[in-house]
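Please look at the model on the screen while I go through it topic by topic.

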Amino acid sequence: MYVYVESFPRMGSETDDTERIKRAIDSAVEFATVQFDPNVSYTITNIIINKSLTIDLNGASLTVDPTPGTSSDGAPVFWFKGIQSIIYAVADPQINQNTYTINLESGLGADFSANEYILIGDYQVIFPWNANQDFQIIGHHEINMIVSVNGDTLTLAKPTEWNYSTGPYVRKFSFIRKPKIMNAGRIREVNPGGPSTTTSSGGAHIFSFSNCMMPQVENCVFEGWNLHATNFSFCIYPIIKKCQAYDPFRPQFGGHGYFVRFNICLGGLATESFTRHVRHMVDWAESLDGKSSKNLALYPWGTAFYMHGVGSKRVSSTNDTVLGGETSEAWCMGNPTYGADFDFTITNPTYFGNRRAVTGQTNSRGLKIINPMFKTTYDTAIYLSTGIKDVTVVGGEIEMLGASANTKFVRALAAGGANVENVTIEGTRFKGNGGLHLDAIGTVIVDSSIFQDIAVVSDGFSACVRAGVTVPASDLIIRNMMVDGLFERAIYVSRAPTRNYDVSNNFINRGYTSFGMHLAVSDNMRLRNNTILGGSQEFSFIGDFNAAVTNGAIITGNVPNIYDKKVTGMTFFTPNTGGSSAGYWSQIGKVAITQQFQDSMSTISLISGDSSNTNTQRAQVFFRVKQQGAMGSPPVIELYISNQNGMLGTDLAAVVTQNDLTATVVQLYVKINNAFETIYFNPIHSAGSVKAGWTGYNALVQSLPGGTQKTASYQNGIDGVTIINARAPSVTVTHGLGYAPSSVVCTPQANIGSVWVTNITTTTFTINCSVAPASNTVVNYHAK
């Protein structure tokens with residue numbers, strides 16, 4: 001059924017068309033169409049509609065004044081206004097998140113039935129994200145549906161979104177169903193001369209829909225307005241499409257100059273529309289499952305597509321485009337004044353401008369950017385801060401056109417006392433002057449991305465990928481990258497991650513001015529199959545590289561391969577003794593145990609040969625520490641030497657430097673007996689619940705540190721050399737076995753008659769001969 005506005009002329013002293021349009025609306029039955037004349041220009045103030053109608057403006061132009069006589073009050077021009085019921089109290093002290101049932105107070109269930117939509121809310125004071133500001137929101141809200149009623153228990157269609165803990169309640173809806181406004185040739189508001197004080201659903205908007213099911217705005221043109229071109233509040237599946245909106249009056253003021261706001265809505269779609277210079281093109285506030293698609297925002301004053309920080313969830317933006325911008329980013333989730341949002345998926349976004357493309361902030365969670373096409377002259381394309389979590393960038397291309405040394409494709413910062421957590425960047429192409437600054441905890445992944453024609457200004461800190469700047473990640477994975485250009489560093493890791501550390505299969509080419517990779521090292525590092533070409537220096541490491549490799553780091557398959565090492569075959573060395581420091585000690589290893597029953601076992605090979613001495617030191621050593629008793633009790637220490645030459649058991653010492661309730665620390669020392677000598681040592685095998693740490697080039701010390709000491713015993717006997725002096729019948733040998741040998745085999749280097757051994761003790765034995773030599777004679781021996 002159609003009702004024609006022109007069938008209702010002005011009456012009496014009416015000076016505008018408001019009242020005659022009301023009469024046309026009053027005469028229309030439910031679901032009728034009220035049609036305007038395209039050849040008439042209408043003047044309207046405020047009209048409230050309480051029935052389901054289609055308002056077909058039919059190409060007509062409207063001059064509207066929703067705030068007649070004042071700039072601070074007023075009401076919407078067209079306001080479809082459904083009804084919410086009285087408040088129904090809940091029997092339970094709170095409604096838990098993720099529950100399907102609500103228990104009402106006794107007798108209230110009779111008012112409800114299956115397939116009804118309800119509003120769930122409470123009066124909880126919700127402070128801003130960091131609780132440091134005065135602003136506060138009262139209550140969470142959501143729209144849900146009843147699937148069954150059993151007495152006073154309501155069973156819901158989907159689990160609740162929040163914990164409702166302060167005076168939880170339920171309201172019923174009396175929806176206006178499928179109201180629609182369409183085909184406005186041009187709507188222009190009379191400039192109220194200043195900002196409005198009320199921006200809620202009843203504020204001076206052009207169109208407003210409250211408590212409506214499937215409301216729709218289509219094919220309307222807005223030119224000049226103060227608050228919202230369209231406001232949907234407490235609506236189910238609202239739609240605005242194929243509209244245009246130009247030049248609102250005061251987009252610099254909060255709440256002003258919006259194209260469309262979805263406020264506490266379930267579902268919702270904004271599509272195929274165009275705006276110019278609006279504050280927000282599409283704004284979601286405490287709404288669920290909203291969508292925008294195929295929209296174009298030209299020179300927005302603020303954020304074009306905005307999850308506004310009051311708890312919206314599961315919002316998507318698909319194939320939306322933003323060109324230019326005044327003060328803010330194109331897409332954003334979270335608001336410092338309010339709080340967090342959850343799950344914003346931005347697919348195929350396009351941004352060309354001089355501001356950020358995307359911001360995620362204020363403890364929001366679940367930002368996903370898929371196949372972006374971003375070009376900006378600003379210092380950052382994607383900005384992450386103040387505790388945002390679970391960010392993913394997949395595919396697409398980001399190009400930085402600025403020249404600042406601080407330009408970043410993605411910038412993740414620890415700000416406001418909250419760390420960014422979990423960032424994944426996969427398969428994205430980066431171009432221009434910039435890098436990735438990923439100062440985040442949790443899991444940080446850069447995978448299969450390409451850095452093309454990079455020009456990172458050399459400021460001493462820049463890198464194509466920088467991580468662990470002020471905080472370490474738990475897991476850091478940088479793999480399958482291709483990097484080409486002129487840059488300070490390709491990969492720069494300041495702090496090693498605490499759990500998994502994988503830098504693998506990366507190809508780095510051309511002009512790095514400092515290092516191809518500048519990496520903090522750790523025991524869990526996996527640096528594998530990377531190729532670095534050109535530049536000044538391929539690798540640089542922060543920390544004890546040798547110790548990390550010995551304790552489990554794997555560095556292998558890299559080109560150039562001068563740093564390719566595994567645990568076996570890794571060589572450490574002591575300082576070279578001087579002329580006066582022969583016989584000094586140097587620490588070569590350490591075991592640190594923190595729990596009862598932990599143990600550590602290692603086999604080490606030691607050799608020397610730098611000095612001119614003809615009897616250099618060499619040996620194999622077995623070193624074991626176990627805390628068998630309670631922490632603080634003496635540990636079990638085994639230290640055995642074998643295959644030794646020029647090295648006694650007393651030349652190796654295990655020293656307990658700490659033994660209390662918190663830790664048992666045992667340090668291993670070697671004595672360098674000769675002047676101008678270095679001992680080289682290789683960990684051959686390690687096992688046990690605790691790995692020994694091996695370090696080279698520790699300072700020479702004249703005496704061992706304080707603590708319980710244990711020198712080495714001989715595992716397979718000892719080979720030694722002694723001299724029987726001329727005309728002497730015997731020589732006494734200090735063997736150092738730590739026990740009385742049961743067998744001593746002697747081999748003299750000259751004829752000294754019969755040879756036998758006497759006086760065998762735990763420290764010495766005597767070699768005797770039947771013919772005293774005429775000159776000093778060497779005797780080799782093996783004692784065991």
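**Aromatic pairs**

The structure holds 23 aromatic pairs. Rings of Phe, Tyr and Trp (its six-membered ring) pair if their centres lie within 6.5 Å; planes under 30 degrees apart count as stacked, over 60 as edge-to-face, and the rest as tilted. Before I continue, please note that this is a predicted model, in which local features need pLDDT of at least 70 and side-chain atom pairs count only at pLDDT 80 or more, whereas totals for chains, interfaces and linings use all residues. Residues are numbered from 1 along each chain as its sequence is written, and side-chain values use heavy atoms, with hydrogens and water left out.

One of the pairs is formed by Y2 and Y4, and it is stacked, at 6.2 Å centre to centre with 15° between the planes. Y2 is partly exposed, at 47% relative accessibility, and Y4 is also partly exposed, at 42%.

Another pair, Y117 and F175, is edge-to-face, with 6.1 Å centre to centre and 70° between the planes. Y117 lies in strand β11 (residues 117–121) and F175 in the loop between β16 and β17 (176–177), so this pair ties together parts that are 58 residues apart in sequence. Helices (H or I, at least four residues) and strands (E, at least two) are DSSP runs, numbered from the N terminus. Y117 counts as buried at 19% relative accessibility, and F175 counts as buried at 14%.

Ring pairs also link F36, Y42, F78, F207, F222, W225 and F259 into a cluster.

**Strands and sheets**

Strands of a sheet pair through backbone hydrogen bonds, either parallel or antiparallel. Here, two strands pair if DSSP finds at least two bridges between them.

Let us turn to strand β52 (residues 500–504). Four of its five residues are buried, so β52 is largely enclosed by the rest of the structure. Strand β50 (residues 475–479) runs parallel to β52 and is joined to it by five bridges; I477 has D502 of β52 as its bridge partner. β52 also pairs with strand β54 (residues 525–528), in the parallel sense, over four bridges. There, V503 is partnered with L527 of β54.

**Pocket and cavity**

Rolling a probe the size of a water molecule over the atoms shows where empty space is left. On a 1 Å grid over the protein atoms alone, a cavity is a set of points where a 1.4 Å probe fits but cannot get out, and a pocket is an open set with protein on both sides within 12 Å along at least five of seven lines; lining residues have an atom within 4 Å of a point. Grid points are joined across faces, edges and corners, and a volume is the space filled by probe spheres set on the points.

The largest pocket has a volume of about 660 Å³. It is lined by 35 residues, and the closest to its centre are R261, N263, A285, V310 and Y338. Elements that give two or more residues to this lining are β13 (137–138), β16 (169–174), β22 (228–233), β25 (258–263) and β28 (280–285). By type, the lining of the largest pocket has 13 nonpolar, 17 polar and five charged residues. Ala, Val, Leu, Ile, Met, Phe, Trp, Tyr, Cys and Pro count as nonpolar, Asp, Glu, Lys and Arg as charged, and the others, Gly among them, as polar.

How many cavities of 30 Å³ or more does a search of the whole structure find? The search finds one. The largest cavity has a volume of about 40 Å³, and its lining consists of L438, A440, V444, A467, G468, A473, L476, V493 and R495. Seven of these lining residues are nonpolar, one is polar and one is charged.

Conventions
Buried means under 20% relative accessible area, exposed over 50%, partly exposed in between (1.4 Å probe, protein chains only).
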